[in-house]
Amino acid sequence: MINGVEVASHFRDPAHQYASNKEGIWLFMVTEILMFGGLFVGYIINHTIYPEVFAEGASYLDWHMGFVNTLVLIFSSLTMALGIYFNQISKPKWATWSLAITVLCGAIFMVIKYFEYTHKFHLGIFPGRMINPERMAEEGHPMQHANLGLYFGFYYCMTGLHGLHVLIGMGLITWVMIRNIKGEFSPKYYTPIEGIGIFWHIVDLIWIFLFPLLYLVG
Amino acid sequence: MGHSSGKSYINEEPGLLSWFTSLDHKRIAILYFVAVMTFFLIGGIMALLLRLELFAPNTAPNVGQILKNGDAYNQVLTYHGAIMVFMVIIPGIPAILGNFFLPLQIGAKDVAFPRLNLASWYIFMIGAGLAVATFFNSKIDTGWTFYTPYSIRTGTSVVMMVVAAFIMGMSSILTGLNFIVTVHKLRAPGMTMFRMPLFTWAIYSTAILQVLATPVLGITLLLLTMERLFGVGIFDPKLGGDPVLFQHFFWFYSHPAVYIMILPAMGIISELITTYSKKTIFGYTAIAYSSIGIAAVSFFVWGHHMFVSGQSELAGVLFSFITMLVGVPTAIKMFNWLATLYKGSIEFRAPMLFALGFLFLFAIGGVTGIILAVTAVDVHFHDTYFVVAHFHYVMVGGTLMAIMGGFYHWFPKMFGKMYNDTTARISWVFIFIGFNVTFFPQFILGAMGMPRRYFDYIPEYETLNKISTVGSWMIAIGFLFGLYTIIRGLTSGEKAPPNPWGSKTLEWQTESPPTMHNFDHDPIVTAGPYEYK
């Protein structure tokens, strides 16, 4: 214990430990961005080759839902930041509430996503070879381009991987929220909340790129 | 055990079980050591099997066809490649020697995230276990590159293997991340970046590559998994996707991965050459920067794996030039090592022999790399044994020689015991000569047009293939001598003094083997790492 903070023996002081942990988190975020980067590159290449397929695919997405989800996530970023801020100014209860709202926002996002997915499943819109043109025709949306499945391959992979990150983020935030309720954090020590906060912001940021690419770019 | 109180990281926590829960970077290094050596044995046996099959054409009596059929050959080939790349050479130096010596060389008590370090080992073992498990499920036959569209269609356990590689990649990322933060944040007082030993510089450059390149492999393998499970179509030409995109993604990781394999080896060579020449390393700064230079350039050369994939001519020309550019920082290293040897008091101990062997073999591997970078030549050599010989000269002649040299060099520090230099030198003779006997003929075979990955060949290739197979036995004998040396050293080696080689770097200033906290007093650094004379 140095200065009221548990410090591992290979660190000099809390500040040293804090700076190291934070650098670790940021490096991990670099890897997350690079991983999604592969998907973005694939999307851009195929969008360039098949603009008309991607336009048709985008026409099946409801931008209202995407827009609401964007707002939900941006708001959750604010509450996430407040979860740190309230700990910094010694209001742990407020911090707990902020974190709870953040998890709730994540849940709202996932519920909306669920409705979007199930609606598409209902229309017979699946990724790649699983897309069902007969079903689509029955539902009054005949498929225009043979490789429409490719667009939805990207759609499901990108939003699916992002959704998985949202779920993981919700789990992690719940974990620090419980630790916060137990009183493990203080104005001197809140590194886990901040680290998970950085993760959450990056997940939000990725959505902010996914939304226009998938829903708006025709 | 060398230490005044007899306490060291080996015996400070009692019981076998304590090794699997220990957060100490040295113990985790030993865990990796045991695991990687086991995988090396398996991968090596696969290699011997391949060479045995190629001893004679299939039509030859008795020795003709050893393996059941071409499928079996493809499987052995795949496991040899996948095991050696993902489970031996990539984790080999960083996770074993890097884990053990990076904190010691910069005067730290541990890596920045000890718990993450142990978790990385477990993650690695889960991935490795899954990879080995595919062997008992349905053996995969795609080659270690998992090229689409074949990997989408083949009825073998590709998903399991690909998930295994993804998991091992995660372990690699976390190890790299750990090392970067360790170097940035945990250097002892006075240990500036440019007082760091060159092995640490190399591990640091490697860590940057691990963090920046591996995520792209991650998404590629994830998409391949999705492709097989749900047919998302991104790499499937039948659905409008592009199998060449897979190659781009794959090599965007896997070319830097080649440097993940060779950079740490170069770091070891820097340590060995200067220690056994008893001379300050020539061009310290240039060697340090060239590691970063190689790491940077390595991201822009992936297209040289795809000269015949139908990529545009302009791309081909650019990739060709940038590939040749890698030769510059590499040559800087080579010439600095040679200049270090010049007028040094050279001691021909086993580690030095491995270092000199590295210089010789890596020069051949590197120069043939430049030859392959010439697009016009590559079209002829592509997918022939010339390529096989080239990368084995770099990966085995380079990395494996360095690993062996590094093990012997640091053996006294790791285990507190001396090894027998004579048997180690015998092992070197067999490995060095055996290696050349195995792989030099493959350059000629490649130039004669023998394609790689086939389990049979026309009679014209027979003599050289026979020579090559005999060479593989010599390598095996060499490694058996190596194993004997290590086991003998562990069981009945003499007690090692703290600094048997008169080395100047920090890890030699503490006990052999070090205590749990590495140094009795926190070191304060006042000079560079190689102040010999």
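What pattern does chain A follow when read along the sequence? In this predicted model, the pattern of chain A is α-α-α-α-α-α-α. Chain A contains seven helices and zero strands. Its C-alpha atoms fill a box of roughly 70 × 30 × 25 Å along the principal axes. Of the 218 residues in chain A, 37% count as buried. Among contacts in chain A between residues at least 6 apart in sequence, 73% join residues at least 24 apart.

Chain B is also built without strands: it has 14 helices and zero strands. From the N terminus on, its elements run α-α-α-α-α-α-α-α-α-α-α-α-α-α. The C-alpha atoms of chain B fill a box of roughly 65 × 50 × 45 Å, taken along the principal axes. A compact globule of 533 residues would have a radius of gyration near 24 Å, and the 23 Å of chain B agrees with this. Of the 533 residues of chain B, 56% count as buried. Residues 24 or more positions apart account for 84% of the chain B contacts with a separation of 6 or more.

The mean pLDDT of chain B is 94, and 99% of its residues reach 70 or more. For the complex, the predictor gives an ipTM of 0.94 and a pTM of 0.95.

The largest nonpolar core holds 209 residues. The members that touch the most others are B:Tyr32, B:Val162, B:Ile180, B:Tyr259, B:Ile269 and B:Phe354. Helix H2 (residues 70–105) of chain B gives the most to this core, with 21 residues. In soluble globular proteins, nonpolar side chains tend to be buried together. B:Ile180 also has a partner in the other chain. Leaving aside neighbours within four places in sequence, B:Ile180 is in contact with A:Leu27, B:Tyr204, B:Ala207, B:Ile208 and B:Val211.

The two chains meet through 32 residues of chain B and 29 residues of chain A. On the chain B side, helix H5 (158–185), helix H6 (198–230) and helix H7 (243–277) each supply at least two residues. H6(B) provides the largest share of that side, ten residues. By class, the side of chain B that touches chain A has 21 nonpolar, seven polar and four charged residues.

A:Gly149 is buried because 28 other C-beta atoms lie within 10 Å, where 20 or more are required. Beyond its neighbours within four places in sequence, A:Gly149 is in contact with A:Pro127, A:Gly128, A:Arg129 and A:Ile131, and also with B:Gly233 and B:Leu239. A:Gly149 and A:Ser76 are 73 residues apart in sequence, and their C-alpha atoms are 32 Å apart in space.

Helix H14 (residues 462–492) of chain B has 31 residues and reaches 45 Å from its first C-alpha to its last, close to the 45 Å expected at 1.5 Å a residue. The buried residues of H14(B) include B:Gly471, B:Ile475, B:Gly478, B:Phe481, B:Gly482 and B:Ile486. The cover over the buried residues of H14(B) includes helix H1 (25–53), helix H12 (385–415) and helix H13 (421–447) of chain B. H13(B) has 27 residues and spans 39 Å between its first and last C-alpha, close to the 39 Å expected at 1.5 Å a residue. H13(B) is followed by B:Gly449, whose phi is positive, near 100°.

Several backbone features in chain B stand out. Most residues other than glycine have a negative phi, and most peptide bonds are trans. A cis peptide bond joins B:Thr148 and B:Pro149, with omega about -5°. B:Pro149 lies in the loop between helix H3 (114–134) and helix H4 (150–153) of chain B. The peptide bond from B:Ser512 to B:Pro513 is also cis, with omega near -10°. B:Pro513 is placed in the segment after H14 of chain B.

B:Asn62 is not a glycine, yet its phi is positive, about 60°. B:Asn62 lies in the loop between H1 and H2 of chain B. B:Asn62 is exposed, with 7 other C-beta atoms within 10 Å. B:Asp383, also not a glycine, has a positive phi of about 60°. B:Asp383 lies in the loop between helix H11 (375–381) and H12 of chain B. B:Asp383 is partly exposed, with 14 other C-beta atoms within 10 Å.

Terms used. Residues numbered from 1 in each chain as written. Chains lettered and ligands numbered in written order. Predicted model: local features only at pLDDT ≥ 70, side-chain atom pairs only at ≥ 80, totals over all residues. Core = buried A, V, L, I, M, F, W, Y, C linked by C-beta atoms within 7 Å. Buried ≥ 20, exposed ≤ 12 C-beta atoms within 10 Å, placed from the backbone. Helix = DSSP H or I, 4+ residues; strand = E, 2+ residues; numbered from the N terminus. Contact = placed C-beta atoms within 7 Å. Nonpolar A, V, L, I, M, F, W, Y, C, P; charged D, E, K, R; others polar. Rg over C-alpha atoms; globule rule 2.2 N^0.38 Å. Expected span 1.5 Å × (residues − 1). pLDDT = per-residue confidence, 0-100.
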